[in-house]
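Please examine the structure shown below. The briefing that follows is grouped by topic.

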Amino acid sequence: MKLGVLFSGGKDSTFACWKAMQQEEVVCLITVISRNPESYMFHTPNIRLAALQAEAAGLPLVEVETAGEKEEELLDLKRALLAARERFGIEGVVTGAILSIYQAARVQQVCLELGLWCFNPLWSPDQEAYMEELIDAGFKVVIVGVFSSPFDASWLGREIDRRTLDELREIARKYRITLTGEGGEFETFVVDAPFFSRRIAIEEASKAYRNYNGVLRIERAGLVAK
Amino acid sequence: MILVVDLCYRDGSLSRDEFVGPVERLLRKTGAPFCTRHYTAVGAPEVEAADAVILCGTALRDTGFAEHPERFRWLLAFERPVLGISSGMRALAAAFGAAAEPCCEIGMTDVRVLAPDPLFAGREGFPAYELHECAVQVPDAFIPLAASDRCVQAIRHRSLPLYGLLFHPEARNEWIVERFLGLVKTVR
């Protein structure tokens, strides 16, 4: 089955893409770029770099912009999926949804309207096992956004390796947050994945941080040999 | 041992982690021993060894299981607890002669309890996660236990612990699966 992956460049959609590649044929990545920083559906830091990640993966990217108004952005999602169906013949869509029924239900609805299959291979996972598998499989994931206590500015730019995972585990226990950041506690950016032919090198980045809210904006990045 | 039945479009499919995985994780959490089989691979040895059965859901477009009603006939003679979830409810109802009818619900819906039953005891209603294009007619041998504004959400056999749930209890309503597992112990 030909599939398009709803792609944000973070760990969940990238890992979902990898899972999908093991079962079906992923023919494109699909990115909805929201101009609204409050968007529940699509906003994420560094979304513009999805194009570089798609290049690293050797996959075409379907990009659609949205103003990010609540229900309008569903029409923009529909536009993106239609474009992917027309250009690449997708029969289904893959998302990295983990727990959010708000997001999953909206994508399901749009897929149904377009006659597309919808896959959520990370749905309701064992969060511990998922994070372990992510590291074991060779994903290099960097934290590019923090949005809750106790994350200070030092977390921005940190790679999620075993040591970081141990700390996240401790924080998740103490502060009752999700280990995966699904509650919006942190956002990630994937610089390398098992299916990338080259990895992403962050050449220049700037931090903006205040009161447990911060982002690492990647100003310049390129592809380098692995 | 609980027999978990995967109704997805093929064994080891991309949908497995979404519809079977969460049920398996819940069983692991509760310590209930289980084995999982694709519906095309359920035979007499699995059925005989099972103390109970959970029939898992499928993706919206995944209705291949409904084209093979003969694969579910064993349910007619299986008198131990069964929990059919969404597509699993459809397969259970079909085995007892009931048809499906269009009723699309996606997302959270309020479910009202209609009749007393150990599965929902003490609850008048609860929000539940729905993902289906069809509801099922209530088979003659069953009674409706719960409903949303649009369709029947839960059924139970009149004399056996056979249950069908249209919503997905493994998302947001794990307590229902836990109560079902409690019935398995009672029957044993």
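Glu24(A) counts as buried because its relative accessibility is 11% (buried means under 20% relative accessible area, exposed over 50%, partly exposed in between, with a 1.4 Å probe and protein chains only). This is a predicted model, in which local features need pLDDT of at least 70, side-chain atom pairs count only at pLDDT 80 or more, and totals for chains, interfaces and linings use all residues. Residues are numbered from 1 along each chain as its sequence is written, chains are lettered from A and ligands numbered from 1 in the order in which they are written, and side-chain values use heavy atoms, with hydrogens and water left out.

- Glu24(A) forms a salt bridge with Arg10(B), with the closest N and O atoms 3.1 Å apart (a salt bridge is a side-chain nitrogen of Lys or Arg within 4 Å of a carboxyl oxygen of Asp or Glu).
- Arg10(B) counts as partly exposed, at 32% relative accessibility.

**Salt bridges within chain A**

- Over all chains, the structure holds 25 salt bridges.
- Arg220(A) and Glu204(A) pair through their side chains in a salt bridge, at 3.4 Å from N to O.
- Arg220(A) is partly exposed at 44% relative accessible area, and Glu204(A) is partly exposed at 39%.
- One network of salt bridges with shared partners joins Glu128(A), Glu132(A), Asp136(A), Arg162(A), Asp166(A) and Arg169(A).

**Chain A as a whole**

- Buried residues account for 57% of the 226 residues in chain A.
- The C-alpha atoms of chain A fill a box of roughly 45 × 40 × 35 Å along the principal axes.
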